[in-house]
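Please look over the structure below.

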Amino acid sequence: KENRAIGEGSEFHQLRDFARGMDVKTIDWKRSARRRSLVARELQAERNHHVILALDTGYLMREDIAGLPKIDHAISAALAIAWAAAVGVDLVGYFAYDVRPLTFVAPQPGRAAFARLRSWTASLAYVGRETNHTLALTELGARTPKRSLIIIFTDFVDTTSAELMIENIGLLAKRHLVVFVTIRDPELEAIADHPPKDLDGVAILVVANQSVQDRRRVLERLVRLGVTIVDARPGTVTAHLISTYLDIKARDLI
């Protein structure tokens, strides 16, 4: 159901008679003078925001997590948030990239945009090439002049390979509200949480812990750049992402 969020937004909704207890700042003095009685402006959450879904189809997104490639988990979450945005009267666009930008569709209104997105994601091809975040995110920034909510579905291996990704997401975050979505590996976390039984297990534990620590450092750097992080397990990423979107809408951050 649509949530109008009366009184919590920045978009004009209607005028109403001013009553005791209402915020004096809501009084429309010009209209009050014409009517010779106090009237107040009633606001609602602003609609028709631009929401861009950016999907990385590079080789890291082909890794299997919980029986499916990461890109499939990302597509499921992207479709869910596209439907939520359509219901919330926002405009939805999408962008795919790997070694170069692949597809960009400007934000469009309504549930028809969701249907086009569903058809487009069904035809996405996974590739075995490394993602070029610099080229792709620069292109995305150039194609998105209006402040938008940009949701990036991607992944990384370590702090070194993530350096250019962090830099370019930081540039996007200066103009747009960026949500960074990444899918955690439950098997890797299980290895890091259990003591080893032999020397081979010690080596595996060291590598797993290093990977977990690198992941945390990258996410912390993105947070410092003003990026919102959705770092969740495969079965919960959709719920976390929709909750984040609704919180952004309620706080009128776009």
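The report starts with the chain as a whole and then turns to single residues.

## Basis of the model

This is a predicted model, in which local features need pLDDT of at least 70, side-chain atom pairs count only at pLDDT 80 or more, and totals for chains, interfaces and linings use all residues. Residues are numbered from 1 along each chain as its sequence is written, and side-chain values use heavy atoms, with hydrogens and water left out.

## Overall build

The protein chain has 8 helices and 10 strands. Both are DSSP runs numbered from the N terminus: helices are H or I with at least four residues, strands are E with at least two. Along the principal axes, the C-alpha atoms fill a box of roughly 85 × 40 × 30 Å.

Of the 254 residues, 43% are buried. Buried means under 20% relative accessible area, exposed means over 50%, and partly exposed lies in between (1.4 Å probe, protein chains only). The accessible surface is about 13,700 Å², and carbon and sulfur atoms hold 53% of that surface. Areas come from the Shrake-Rupley method with a 1.4 Å probe; for residues, only the protein chains shown count as cover.

Contacts are heavy atoms within 4.5 Å. Among contacts in the protein chain with a separation of 6 or more, 74% join residues 24 or more positions apart.

## A buried helix face

Helix α5 spans residues 163–173, and its buried residues are M165, I166, N168, I169, G170, L172 and A173. They pack against α4 (133–143), β8 (149–153), β9 (177–183) and α7.

## Charges and salt bridges

The chain carries 34 positive and 31 negative charges, and their mean positions are 12 Å apart. Lys and Arg count as positive, Asp and Glu as negative; His and the chain ends are not counted. Each charge is placed at NZ of Lys, CZ of Arg, CG of Asp or CD of Glu. Side chains of opposite charge can pair when their charged atoms come close. The structure holds 11 salt bridges. A salt bridge is a side-chain nitrogen of Lys or Arg within 4 Å of a carboxyl oxygen of Asp or Glu.

Which parts of the chain does the K249–D90 pair link? K249 sits in helix α8 (residues 237–251), and D90 is in the loop between α2 (70–87) and β6 (91–97), 159 residues apart. The salt bridge between their side chains is 3.0 Å, N to O. K249 is buried because its relative accessible area is 16%. D90 is also buried, at 1%.

Two other pairs lie within single helices. R216 and E220 are both in α7 (residues 199–224), 4 residues apart, about one turn of the helix. Their closest N and O atoms are 3.5 Å apart. R216 is partly exposed at 41% relative accessibility, and E220 is partly exposed at 37%. R251 is exposed at 52%, while D247 is partly exposed at 36%. Elsewhere, salt bridges with shared partners join E63, K70, D155, R215 and D231 into one network.

## Exposed sites

V24, W29 and L38 form a nonpolar surface patch with about 320 Å² of accessible area together. Patches are made of residues with over 30% relative accessible area and no salt bridge; like charges are joined within 9 Å, and nonpolar side chains (Val, Leu, Ile, Met, Phe, Trp, Tyr) within 5 Å. W29 lies in helix α1 (residues 29–35). W29 counts as exposed because its relative accessibility is 55%.

A122 belongs to α3 (residues 111–122) and has 68% relative accessible area. A122 and D72 are 50 residues apart in sequence, with 9.8 Å between their C-alpha atoms. A239 lies in α8, at 53% relative accessible area. Its C-alpha is 9.0 Å from that of A80, 159 residues away along the chain.

## Positive phi in loops

Most residues other than glycine have a negative phi. A66 has a positive phi, near 55°. A66 is in the loop between β4 (64–65) and β5 (68–69), and is exposed at 63% relative accessibility. V89 has a positive phi of about 60°. V89 is found in the loop between α2 and β6 and is partly exposed at 30%.
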